[in-house]
Amino acid sequence: MAHTVFRAKQQSSSSRDKSLFLAAIVALLLVCAIWSFTDPFPNFSNFLSKQNVTSPEYCPPDREAVDRRYDPPEKTFYDDPELSYTINKPIKNWDEKRIQWLKLHPSFAAGRANRVLLLTGSQPTPCKYPKGDHLLLRFFKNKVDYCRIHSYDIFYGNTFLHPKMRSYWAKIPLVRAAMLAHPESEWILWVDSDAIFTDMDFKIPLHKYKDYNFIVHGWPDLIFKKKSWVAINAGIFLIRNCQWSMDFLDVWANMGPKSPEYKQWGKILRSTFKDKIFPESDDQSALSYIIMKGEEKWRSKIHAITDYSLHGYWLGIVDRFDNITGNYVKIDRDVPKLRRRHAEAVSESYAAAREPLVAEGGDWKGGWRRPFITHFTGCQPCSGDHAAEYVGDKCWVGMERALNFADNQVLRNFGFMHNDIKSNSPVSPVNFDFPAEEVEEFV
């Protein structure tokens, strides 16, 4: 009996304890709810609000998104004495080697799918044309501006990495060496020295090319039906940093001056492309030949595009700049957000807001959208020996207009613009809320 009574009291005590525990939980929740609507410790809240999140305690000034000071002791392909940067020796298992390096350098692995290295360059000797070196400097400045705005890396080559691979063939050894030097870059963008970025907003839609390794501007119909050597332009291309590309560059280079079959390739290419007037094998005809008659493993990964001007022929562009500018000014007048002053570092957000408004303009002949790249093929700014059909100073006037047209897009974020794109004129300060007809408060 006593045992039964004790058990009953124990059960009663246990129930009471549970009730008290539940009551305590409810009370605690009630306090938390009240806390969320009140500020019982204003001094503590003020303390938090006054903390400087940019101070070294919160954000060390020497901490970068990618850690350029860290290189672990584990061996990588760089420690292989047999590895060669030259175009003469093939690279094997590059994908695996590159992945291993990225695993050892995780800060570079993040975001690698969109990481681009831009390559350009010129001859190692001074230009023959008196203004040539100045023009090349301005062309290079344009590329540096574009890369800074879009966080691309850039390298300028002014030497031949292979003694026989000169002129237009010189880019192939450089692209290959750059892939080894920059395993963190997913894409290599080659841009000839005589090409200008004339839409600083536009960014290459890399997400569209997940199934391709080589992107070039071209018209497949002109290759397969008309068999024209100018159906593509090899002066600007995008190539993925992968084993396929390593092998492809070897195939492409073996049609050039370093190959014992160089002269034979010249005959083959000239007989294949009826509009090719010079006998030597060149990089563009060789690329066209691979696209037309190469193995499927090469052709299937090459993509010729025309939906934007990866290569915009300058002669059909330079006279449209005034009309293009007028259309962009009209858009900015209608959309106050696009007129807002902002740091150059956040320019891509404004480019994204402008994109749907200019997409219908058309980056083609007769369109009013800014052409992505304007390429001065045939103008030869370094030598001055432009093609005979470009009479007088047509090339030089066109270059001046294109450079200033692009420069105005950059200078606007610095508060200035050229008064006239026809000449390298003085700049003037940009009014607040430009180009609004009347100054209005930004909403």
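A residue is called buried here when its relative accessible area is under 20%, exposed when over 50%, and partly exposed in between, using a 1.4 Å probe and protein chains only. The views below come from a predicted model, in which local features need pLDDT of at least 70, side-chain atom pairs count only at pLDDT 80 or more, and totals for chains, interfaces and linings use all residues. Residues are numbered from 1 along each chain as its sequence is written, and side-chain values use heavy atoms, with hydrogens and water left out.

**View A. Phe-321 and Phe-405, a stacked pair.** Both Phe-321 and Phe-405 are buried. Rings of Phe, Tyr and Trp (its six-membered ring) pair if their centres lie within 6.5 Å; planes under 30 degrees apart are stacked, over 60 edge-to-face, and the rest tilted. In total, the structure holds 28 aromatic pairs.

**View B. Trp-314 meets Tyr-390.** This pair is edge-to-face, because the ring centres are 5.0 Å apart and the planes stand at 75°. Trp-314 sits in the loop between strand 8 (312–313) and helix 12 (321–334), while Tyr-390 is 76 residues away, in the loop between strand 9 (373–375) and helix 15 (394–411). Helices (H or I, at least four residues) and strands (E, at least two) are DSSP runs, numbered from the N terminus. Trp-314 is buried at 0% relative accessible area, and Tyr-390 is buried too, at 5%.

**View C. A cluster of rings.** Here ring pairs join Tyr-146, Tyr-152, Phe-197, Phe-202, Tyr-308 and Phe-372.

**View D. Lys-276 over Trp-229.** Lys-276 lies 5.6 Å from the ring centre, over the face of Trp-229. A charge counts as over a ring if NZ of Lys or CZ of Arg is within 6 Å of the ring centre and within 35 degrees of the ring normal.
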